[in-house]
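Dear colleague,

Please find below the structure that I am handing over to you. A summary of the findings follows it.

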Amino acid sequence: MPKKLLLLPPLSVSSAFRAPRACPAARPAMNAARTGYRVFSANSTAACTELAKRITERLGAELGKSVVYQETNGETRVEIKESVRGQDIFIIQTIPRDVNTAVMELLIMAYALKTACARNIIGVIPYFPYSKQSKMRKRGSIVCKLLASMLAKAGLTHIITMDLHQKEIQGFFSFPVDNLRASPFLLQYIQEEVRSHQRVPFVLKRDPIPNYRNAVIVAKSPDAAKRAQSYAERLRLGLAVIHGEAQCAEMDMDDGRHSPPMVKNATVHPGLELPLMMAKEKPPITVVGDVGGRIAIIVDDIIDDVESFVAAAEILKERGAYKIYVMATHGILSAEAPRLIEESSIDEVVVTNTVPHEVQKLQCPKIKTVDISLILSEAIRRIHNGESMAYLFRNITVDD
């Protein structure tokens, strides 16, 4: 059987003698716009974009081009000024005082990137808003769960956050959540910065707190005891816990278990008689642990209303502590917090830059800031490259 021949169309003169195409020039390897990821800031104000600029500088990338602004009627508008098709997009959103506007900015930007065909949309939210509303209170709602559902619906596929108020919040999400820790940076501040007021020649490190080996880690309530114990064990320091009637713990809030209200003349079925429950009564204020003649370092995750910290500082002063420092991850510092800190016996408040607080620092020079952009930029790099995140959690305890 004769073989079939494949007939090709005849070549024209122009195609036969066409010059070969020039090879495209090599693309720069470190150009973030062409390596598959971009970093955007969900807020255009200078205070909120500061952390985003620090992160992009460490990554060697440029901040994505976008415009976020408020209409005259109060609506939020987001415009993406460059192509994001097929790329990994990281949205950095720090939460200023106007929490609800910040949430809407994040939701609208995520949805805009989703409709622009971004491959993955990762939210970098150092302080997760509404994290204190993660439990049912009376006839309220678990707002944190609602926010998690809204973020997923808007198009987010991953979240990077830091020191969630309750670790169980990670279970509210239908996508991965990396809950980073700020404790290594705060511990480093204590070890390297918290040493001695004496100026020793040829020592380059600044030492604002004298002799941190004479310090004791303090929990201002039993709820914060686990976190304080984690700090104390890693620093090889003592532990003290404040307990008593002056404290108002979150667990003691009215959660509706006493509703409906008692009615004196109500008829009770004989078979439904419940045993009498005694009301809770706190003991007198007590400091469990020795703080006399020592430096007291109060640790917590959030500093918002500072009344409880000021009260704890007064108690520690009465018990003999001669220096009092407060360290926390999120320095929200609402309302009159700067003035109260300035007028209190607290010597220094150390927080990270997860929340903008430049205005509060101008009002109170006792407030110091620790930069955590290093760990956030490393998390972004590892997620984009598909590397393990375990390195960022080394030596981190469950209670941290």
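Of the contacts in the protein with a separation of 6 or more, 66% are between residues 24 or more positions apart; a contact means heavy atoms within 4.5 Å. This is a predicted model, in which local features need pLDDT of at least 70 and side-chain atom pairs count only at pLDDT 80 or more, while totals for chains, interfaces and linings use all residues. Residues are numbered from 1 along each chain as its sequence is written, and side-chain values use heavy atoms, with hydrogens and water left out.

Confidence is given as pLDDT, the predictor's confidence in each residue, from 0 to 100. The protein has a mean pLDDT of 83, with 79% of its residues at 70 or more. Two stretches require caution in reading. Residues 3–34 stay under 50 in pLDDT, and the model has 10 contacts for them beyond four places in sequence. The pLDDT is also below 50 over residues 196–208, a stretch with 17 contacts in the model beyond near neighbours in sequence.

The protein contains 10 helices and 14 strands. These are DSSP runs numbered from the N terminus (helices: H or I, at least four residues; strands: E, at least two). Of the 400 residues in the protein, 44% are buried, where buried means under 20% relative accessible area, exposed over 50%, and partly exposed in between (1.4 Å probe, protein chains only).

Helix α3 covers residues 99–115, and its 17 residues should span 24 Å at 1.5 Å a residue; the end C-alpha atoms are 25 Å apart, which agrees. The expected span is 1.5 Å times one less than the number of residues. Among the buried residues of α3 are A102, E105 and M109. The cover over the buried residues of α3 includes the strands β1 (37–41), β2 (66–70), β3 (76–80), β4 (88–92) and β5 (120–125), together with α4 (143–154). C117, which follows α3, has a positive phi, near 70 degrees.

The axes of α3 and α4 cross at roughly 25 degrees and come within 8 Å. Axes are lines fitted to C-alpha atoms, for helices over the stretch in contact, with angles from 0 to 180 degrees between N-to-C directions. The crossing therefore makes α3 roughly parallel to α4 (under 35 degrees; over 145 is roughly antiparallel, 65 to 115 roughly perpendicular and the rest oblique). From α3, V103, L106, L107, A110, Y111 and K114 make the contact, and from α4, L147, M150, L151, K153 and A154.

Finally, in helix α6 (residues 225–235), the buried residues include R227, Y231 and R234.

Yours sincerely
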